[in-house]
Amino acid sequence: MSEIFVRLDRSGPVATLTLDNPPLNVVTLGLTRQLSDHLDALAIDPEVRAVVITGAGSRAFCAGSDITEFTDMMEPGQVVDKKLRRQNEIFSFLANYPKPTVAALNGLTFGGGLEIALCCDLLVADESIRLALPEIKLGVFPSSGGTFRATRRIGVGRAKRLILLGEPVDTATALDWGLIDYAVPAGTAVAAAQNTAATLATRPTYALELAKSVIDMADDATEQVLIEASLAASDQAFSSPECREGVRAFLAKETPDFEHHRERT
């Protein structure tokens, strides 16, 4: 049996993927493949409505790439073909995932680990952790979306500080910058992320997917393109069974039952 680098656990409509490559849950080719396989399966699983990604243990969410894999990737073209092209495809799939995703940062979140986290919709971090994009210290830079996803989240100046200096920031700084969304007491990030995911799972699935699709266009499209995309998505949302249930429940002063109104028109 092949080694397991990513564990899947389920609790109702919430699936939790745990990066499990001790001691620091570093990104290897095998871990990336297993993450991809799980994401593919969960994306089409109708019982799963939100996904949490975290790391095993308490030392690290993920401390970045396994540097020992780099030794045979240092000739021109090799790192792209052997690692980065496929890794970027997988991370982009996560960044554009049809279901809401929450990263539970329960330890060091460095390099490729932060790049994975930045692909998630919401980031919840233990108050005691550190985050960094330290690749510059190896003579390289974040190559799987960290450059532009960090910039989109925290702006050019702060992204340059994070990437060009390569120094870690603490949770308080990350929260102030908007690099993470929530800081929680040490040891509670996973539970907090799962609670957040459980709340997201109660929301109307189709409207969440449509809203995410328009939000994710915001940095790359003109205002007119975004208006047209929003109008098209709104028309789909307003004509869905979930919308009919939401309006009915509001008028009746009841809690909407989206669970039984998730089929699409």
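Leu19 lies in strand β2, which covers residues 14-19; helices (H or I, at least four residues) and strands (E, at least two) are DSSP runs, numbered from the N terminus. The model is predicted, so that local features need pLDDT of at least 70 and side-chain atom pairs count only at pLDDT 80 or more, while totals for chains, interfaces and linings use all residues. Residues are numbered from 1 along each chain as its sequence is written, and side-chain values use heavy atoms, with hydrogens and water left out.

With a relative accessible area of 0%, Leu19 is buried; this term denotes under 20% relative accessible area, against over 50% for exposed and in between for partly exposed (1.4 Å probe, protein chains only). Apart from neighbours within four places in sequence, Leu19 is in contact with several residues, including Phe5, Leu31, Ile53, Phe61, Cys62 and Ile116, where contact means heavy atoms within 4.5 Å.

In helix α7, residues Ala189, Ala192, Ala193, Ala197, Leu200 and Ala201 are buried. The buried residues of α7 pack against β2, among other elements including β3 (50-55) and α8 (205-215). The end C-alpha atoms of α7 (residues 189-202) are 20 Å apart, in agreement with the 20 Å that its 14 residues should span; the expected span is 1.5 Å times one less than the number of residues.

Cys62, a contact of Leu19, is likewise buried, at 0% relative accessibility. A disulfide is a pair of cysteine sulfur atoms within 2.5 Å, and by this rule the count is 0. The closest cysteine sulfur to that of Cys62 belongs to Cys120 and is 12 Å away, too far for a bond. Cys120 is also in no disulfide, the nearest cysteine sulfur, that of Cys119, being 6.8 Å away.
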